[in-house]
Amino acid sequence: MRWIEVVFMVSPFEVCLEKSALIDEMRGVVQACVSGEMDWVRSRAYWDARLPTVDPALLAEVLSYVLHRAAVSAVPLNL
């Protein structure tokens, strides 16, 4: 018996949509952590589950953006 491998082509647009959704998700979690809306227990559970699946470059992008916004005192955290 011969196995046939099926390869699903993913368009660049779909990749961009997935990346955008992940950035929005993580941005919301970081915002909730920084603002105190999310306690450390839920935060830890989220990051324990999510970090193994996240590209470090994408995480750096999200953290840089949210922490920069948090550091500017004149800008509220309503991203």
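Val34, Leu63 and Leu67 make a nonpolar surface patch of about 220 Å². Patches are built from residues with over 30% relative accessible area and no salt bridge, where like charges are joined within 9 Å and nonpolar side chains (Val, Leu, Ile, Met, Phe, Trp, Tyr) within 5 Å. Accessible areas come from the Shrake-Rupley method with a 1.4 Å probe, and for residues only the protein chains shown count as cover. Leucine 67 is placed in helix H3 and counts as partly exposed because its relative accessibility is 45%. Buried here means under 20% relative accessible area, exposed means over 50%, and partly exposed lies in between (1.4 Å probe, protein chains only).

The model is predicted, so that local features need pLDDT of at least 70 and side-chain atom pairs count only at pLDDT 80 or more, whereas totals for chains, interfaces and linings use all residues. Residues are numbered from 1 along each chain as its sequence is written, and side-chain values use heavy atoms, with hydrogens and water left out.

The chain has three helices and zero strands, in the order α-α-α from the N terminus. Helices (H or I, at least four residues) and strands (E, at least two) are DSSP runs, numbered from the N terminus. Of the 79 residues, 20% count as buried. The chain exposes about 6300 Å², of which carbon and sulfur atoms supply 63%. Among contacts (heavy atoms within 4.5 Å) with a separation of 6 or more, 57% are accounted for by residues 24 or more positions apart.

Helix H1 covers residues 12-35, and its 24 residues should span 34 Å at 1.5 Å a residue; the end C-alpha atoms are 34 Å apart, which agrees. The expected span is 1.5 Å times one less than the number of residues. The buried residues of H1 are Leu22, Ile23, Met26, Val29, Val30, Gln31 and Ala32, and they pack against helix H2 (40-50) and helix H3 (56-71). Glycine 36 follows H1 and has a positive phi, near 85 degrees.

In H2, the buried residues are Ser43, Tyr46 and Trp47. Seen down the axis of H2, these residues fall within an arc of 90 degrees, so they line one face of the helix; the arc is that of the directions from the helix axis to the C-beta atoms. Their cover includes H1 and H3, while Arg44 and Ala49 are exposed on the other side of H2. Serine 43 counts as buried at 12% relative accessibility. Leaving aside residues up to four places away in sequence, serine 43 touches Cys33 and Met38.

Five salt bridges are counted, each being a side-chain nitrogen of Lys or Arg within 4 Å of a carboxyl oxygen of Asp or Glu. In one of them, glutamate 61 meets lysine 19 (3.9 Å, N to O). Glutamate 61 lies in H3 and lysine 19 in H1, so the pair ties together parts that are 42 residues apart in sequence. Glutamate 61 is partly exposed at 41%, and lysine 19 is partly exposed at 42%.

Aspartate 24 pairs with arginine 27, with the closest N and O atoms 3.1 Å apart; both lie in H1, three residues apart, about one turn of the helix. Aspartate 48 and arginine 44 form a salt bridge (3.2 Å, N to O), and both lie in H2, four residues apart. Aspartate 48 is partly exposed at 48%, whereas arginine 44 is exposed at 54%.
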